[in-house]
Amino acid sequence: MKIENVIKKFNRKKIYLCPKCLSESYIENISLVCDDNHRYDFSKKGYIHLINNYKPTKYSEELFMARNEVFSNGFYTNVLKNIQNLVGKYAKDIVLDIGCGEGYYIKELKTVFPEKYFYGLDNSKDAIELAVKEDKLNPYMVANLANLPFKDGSVSCILNILTPANYEEFFRVLGDNGYLIKIIPNANYLREIRELIGGKEYTNSDTVKLIEDNCTVVDRITVSDTFKLTKEQAQNFLKMTPLTFSKVIAADDINKLKEITIDLELLVCKK
Ligand SMILES: C[S@@+](CC[C@H](N)C(=O)[O-])C[C@H]1O[C@@H](n2cnc3c(N)ncnc32)[C@H](O)[C@@H]1O
Ligand SMILES: [Zn+2]
């Protein structure tokens, strides 16, 4: 991608912070630069890398490619439709998808809301490199959710989908008027995989308590569906989840996984 087309995707208003010294940063030529001259170059691949001393994470290219297949098979279409309604209701101009992975949600959202900026942030370079291959419109950043390169109150909405949160940092960039759309698993989410690998039953009560301790929940939706799986789809589901991070996926596991449940809670939160 031509570097000027990469830069065009990024809003030019004074909204950025230097990831190193946290002072104001601005776009100058092919870089994001601060007054102390800390300089981060945009990549021709289509994104900007803002993590100093980057180390690869456990989230691999293989996991994101499997997620990509799962999304294109439509298993999360209902989740997307509900997020779309919430974004229409709660988001204004600048939206961050924190832990965006391979970019499925913001790629789709941009087609419905072309006037909004959807920034994809993830601390996995593999995720961001996959995202920019498929999505030429949205701006992407390799960045850490604990150190967001945005000024206080500069963002109208954060999407945080099946990804850890840092509430202090999120509400710093959201300010008093912004909304956090936080999506967490319910007890039955991927239940069939948990049963297959002999995992414990799951409850989200600790996560919900943490959310309620840190914010005010203003809206809440449950999305729940169970789907039949082909073998290929079963294999992709087994590869796409951190539940199988330390497991070897055997042919037998793929054969046994006949159905999958998507059971998620969408919570809209304010400071
Ligand atoms: C389970 S995946 C969900 C990805 C995407 N939101 C989705 O629903 O497909 C969790 C994501 O969070 C990202 N992540 C984990 N820790 C992070 C951090 N500290 N900063 C930024 N991203 C992080 C991972 O790289 C991964 O893409
Ligand atoms: Zn700096």
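Predicted model: local features only at pLDDT ≥ 70, side-chain atom pairs only at ≥ 80, totals over all residues.
Residues are numbered from 1 along each chain as its sequence is written, chains are lettered from A and ligands numbered from 1 in the order in which they are written, and side-chain values use heavy atoms, with hydrogens and water left out.

Let's stay with the cysteines for a moment. The closest cysteine sulfur to that of Cys157 belongs to Cys269 and is 10 Å away, which is too far for a bond. Cys157 is buried, at 0% relative accessibility, where buried means under 20% relative accessible area, exposed over 50%, and partly exposed in between (1.4 Å probe, protein chains only). Cys34 is buried too, with a relative accessible area of 2%.

Now step back to the whole chain. It holds ten helices and twelve strands, taken as DSSP runs (H or I of at least four residues for helices, E of at least two for strands) and numbered from the N terminus. The radius of gyration is 19 Å, close to the 18 Å from the globule rule for 271 residues, so the chain is as compact as a globular protein of that length. That radius is taken over C-alpha atoms, and the rule is 2.2 Å times the number of residues to the power 0.38. The C-alpha trace spans about 55 × 40 × 35 Å along its principal axes, and buried residues make up 52% of the 271. With contact meaning heavy atoms within 4.5 Å, residues 24 or more positions apart account for 65% of the contacts with a separation of 6 or more.

Two residues let us look at the contacts up close. Tyr189 sits in the loop between β10 (179-185) and α7 (191-196), yet it is buried, with a relative accessible area of 6%. Leaving aside neighbours within four places in sequence, its contacts include Tyr76, Leu162, Arg194 and Ile262. Between Tyr189 and Leu80 there are 16 Å in space, C-alpha to C-alpha, and the two are 109 residues apart in sequence.

Gln84, in turn, belongs to helix α3 (residues 77-90). At 17% relative accessibility, Gln84 counts as buried, and it touches Leu109, Val112 and Phe113 when residues up to four places away in sequence are not counted.

Methods. Disulfide = S-S within 2.5 Å.
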